[in-house]
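Please read the points below with the structure open beside you, taking them in order. They begin with the protein as a whole and then turn to its inner spaces.

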Amino acid sequence: MNYKKLNNITGWIVCAIACTVYILTREATASFWDCGEFISAAYKLQIPHAPGAPLVLLLDRFFIILFGGGPHTAASDVNLLSALASGFTILFLFWTITHFAKKLLIKDDASVSTEKLIVIMGAGVAGALAFTFSDSFWFSAVEGEVYALSSFFTAVIFWAMLKWENQADQPHADRWIVFMAFMTGLAIGVHLLCILTIPAVVMLYYFRRSKKVSIKGAVWIFLLGCLITGVVQKVVIQYIVEAAGYFDVFFVNALHLPFNSGSYFFLLLIAVLIIMGLRYSFRKKRHFLHLGILCILFMLIGYSSYFTTLIRANAMPAINMQNVDDPMALDNYLNRSQYGDWPLLHGQDFTAKPIRYDKGTPNYESDDSTGRYVIRGYAMKAVYDPEDMHLFPRVWDNGGDRGQSGFYEQWLGLSPNEKPSFFDNLNWLVTYQTGWMYLRYFLWNFSGRQNDVQGYGDVRDGNWITGIHFIDNLRLGDQSKMPDSLKHNKANNKLYGLPFILGLLGLFFQLGRSKKDFMVTFLLFFFTGLAIVLYLNQSGPQPRERDYAFVGSFYAFAIWIGLGVLSLHYFIQKKTSGKIAAVSASLICLLLVPAIMGFREWDDHDRSRKTLARDIAADYLESCKPHAILFTEGDNDTYPLWYAQEVEGIRPDVRVVNMSLLGVDWYINNLRYRINQAPPVPMSWSPDKYAGDTRNYIPYVPPQSGAADSQYYSLDDMMAFMGNDKYRLSGNNSDLNYYPTKNMFIPVNKQQAIKNNLVPVSDTGYIAGDMTFTMPKDVLYKNILMLLNIIAASKWERPVYFTSPVTASRLGLGSYLETDGLTYRLVPVRSGKNANAILSAGNVNVDFMYDNLMTKFKFGGAQIPGTYFDEPNRRMLMGIRNAYAKLGIALAEEGRKDSAVQVLNYCNQHILQSNYPYAFTSPGNNDNISSLQTVYAYYIAGDSTKGDEIANQIIHDCRQQGDYYNSLPPRFLSPMLEQDAQSANMIIAQLEEWKRTFGAEAAKVKEMRMKLNQLEKDSGRE
């Protein structure tokens, strides 16, 4: 069989294997994070968060229609697209590896011997399958996100350049370069990571075309590649759209023409310039100019997928992020303006405070009432003292939403408020951004992974390992002392560093045999890895692991893994005959790398039985009464709910309001429209009260008298006061409204509350006349202002819920919450119990919650043995389990102990301990502390045997933690681990006390005492 035919057949076989693996292990429905949003957007062609992915949505929608089109299969169909895209990524990786392998072994188109044929195919199979089973790529391959298609386009673009290299001397070979430009344009509608292949592609072009390659020439070409990448990112992606927007502003505002007339004229102008350029370059036979213009043309054709964003945004779909209905809005959407900016080469450290904020570019918005563009605020830029500015800032984030300052100080060993030095910035770059946020992920994939607990720099959580004891123990302490819950975690994958070693062999083999090809591969590796590290300039701590951002770099390393087969073959053939060496090298590499990887990684990447994201969304929604308003906080309690409503039609009458988005005017305006079966959200402010930068924040300014204000004011009156521009601060802050008191109340009409069934019948006697509360905040930001506005305007006519009690507690409303399931309802009944407390049921609508939990709740596959749940999934299961414990406590406190035990056992049967144990070591001991609620519930419900069983499991885990912490050298004991050691001891003490008070032994002692008392009575009667 000739080389070309065998190469094609083998590649397709490897592709089939990869597709089969991903199809079998893909998630059954939507996943957490952005997946629910993307699947919802694809199902109805809606607008996801910036910068969007219109081509992904179109392809997702095509797959939904192609494979059924029904709501219950939509997520599976989208996940199927990811699986197939990932499988075809493996196909192009295989052909890329065999291309490089053939160049290393065969010169000048010599015939391919059987020995070399075997080793080339072996290299392709080993490298491609190693990447197939790599941790990060497999994770993205089985869910409905953009990263699978992003990897596919990266692979196609890089492979196409190699095809050009093979045909560069043939007529019309440059069609491959035009094809790459078109693929790059399409890839922009997927993810911008794909453009990072450009420097490697430019370098390959130079090596192939240049008659004399030099170091100086290579350096200039490298810089040219960087420049082209920047031009694509800035000029093609951003400036063209920005120019179209400003043309439209001029045509509409100055020439009084209709909306979009300026952008149409600009596009026509671009088309005319391209046509003129093509004609000129063709006539003058300027090949490179002609090729460049063609590349720009086809890149813009691919980029045109964003027209669908404008079209669909104007249709006002339910999910309409940033309301991208005009060219100026599209510019802001593509620039991700809502996410802010960060310094790269020059800027401040996290200790610096802005001295002022300067107005930047105006934010234009189309106003249908006037037919003109109006300015809705400005892009504000923080200005810092020049002394606080320096080159190459790395520890720059002075925000407090994730405790950034404390994390910087702890990581770098700084005192509170100590200004970091330039070397501290470099330390952060090397140890955190490169070491922790890149190399750790890299070695997860090619050396081994400790567990799936998100790490923050300590030796216990989320590290890379090898599985070789003396190496791991030297770096991380004795791994055999780890608690069983972590030691046997399914994500504990020991690869023994074999993929990494094989990759190094391939790297050095290519470097020694073909420096040009090595440079091309290295540039792909660098720009999709370390260059991203430098560009993102990540702060800490991150809300989730970010390994998916570096998959392109892992793809490049997989090329070297494949070439490692050639290196091993070169060594073995010195000892034995050629064919035996080829077969031996191929088999050894296949068995020691992809086979081990697949065996180790399967159990923590198989999501085929998991439906938790969909099910917990349904649990949240079913916990609400009809036509409720549900306030959510983050991605994982918002996007799955969007999916459940928009795709599967679960409780479309509930209006989900995301607190993170509630601070921007376009989102608030969207709430004014009916969505599905949910009526508009009531508000007392008109749109001009919050448009643009208006009322971004309102400070608290106490009365000048200085007297303590004990009077409470109606929230309606406070909204009217803050919404009235007559009441503003004087002086430099004359454009700021303010609020003069923190004491407020929400009026309550008892008769209406009873009529609307606001509280259970048993609680109607406790309804407050006025719901008083004290605002704990000194500044109210727009999202909080609108939350209070909605509460005031609803006037108890619609139920108001929160997915987390923390949201209401931050406003002083925590004591007015009632638990209806997974959600917390705002009710006019003050509870003396803390809804946030572990052992308190708080206000519980017992009968309503019992019906929800026992007849409506679902468990996402936790009831099926062997289903794997990673850390974010476990947090969600923790919430479900706590809801059952809370209901159990409430039932027991009412004396309904049999029902309490029934509820607790029902939960225990549906969240199997083999899938999510009660005892689990985690940061802050959150899992074990959470499980205390279930233990307490069993005890007070009278089932001391079950209470003891769970308590003993938790005690065992905490004691294992103690043994582990005691075994660690002092340098490994981070402050977090020391705190966890203390909390473990406190948990043990608490559980031992409960066992003595409530446990089986206590029950036996009590029973014996009763028998003795009875004997004494009987003997007294005698």
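1. Of the 1022 residues of the protein, 56% count as buried, where buried means under 20% relative accessible area with a 1.4 Å probe and protein chains only. This is a predicted model, in which local features need pLDDT of at least 70 and side-chain atom pairs count only at pLDDT 80 or more, while totals for chains, interfaces and linings use all residues. Residues are numbered from 1 along each chain as its sequence is written, and side-chain values use heavy atoms, with hydrogens and water left out.

2. The protein has 38 helices and 17 strands, which are DSSP runs numbered from the N terminus (helices: H or I, at least four residues; strands: E, at least two). The radius of gyration is 31 Å, close to the 31 Å that the globule rule gives for 1022 residues, so the protein is as compact as a globular protein of that length; the radius is taken over C-alpha atoms, and the rule is 2.2 Å times the number of residues to the power 0.38.

3. Among contacts (heavy atoms within 4.5 Å) with a separation of 6 or more, 75% are accounted for by residues 24 or more positions apart.

4. Searching the whole structure gives nine cavities of 30 Å³ or more. On a 1 Å grid over the protein atoms alone, a cavity is a set of points where a 1.4 Å probe fits but cannot get out, a pocket is an open set with protein on both sides within 12 Å along at least five of seven lines, and lining residues have an atom within 4 Å of a point. Grid points are joined across faces, edges and corners, and a volume is the space filled by probe spheres set on the points.

5. The largest cavity holds about 490 Å³ of space, and of its 31 lining residues the closest to the centre are Trp33, Phe139, Arg449, Asp870 and Pro872. Helix H6 gives the most to this lining, with five residues. The lining divides into 11 nonpolar, six polar and 14 charged residues, with Ala, Val, Leu, Ile, Met, Phe, Trp, Tyr, Cys and Pro counted as nonpolar, Asp, Glu, Lys and Arg as charged, and the others, Gly among them, as polar.

6. The second largest cavity has a volume of about 250 Å³, and of its 18 lining residues Ala318, Trp642, Arg655, Val656 and Ile675 are the closest to its centre. Here the lining comprises 12 nonpolar, four polar and two charged residues.

Key. Buried means under 20% relative accessible area, exposed over 50%, partly exposed in between (1.4 Å probe, protein chains only).
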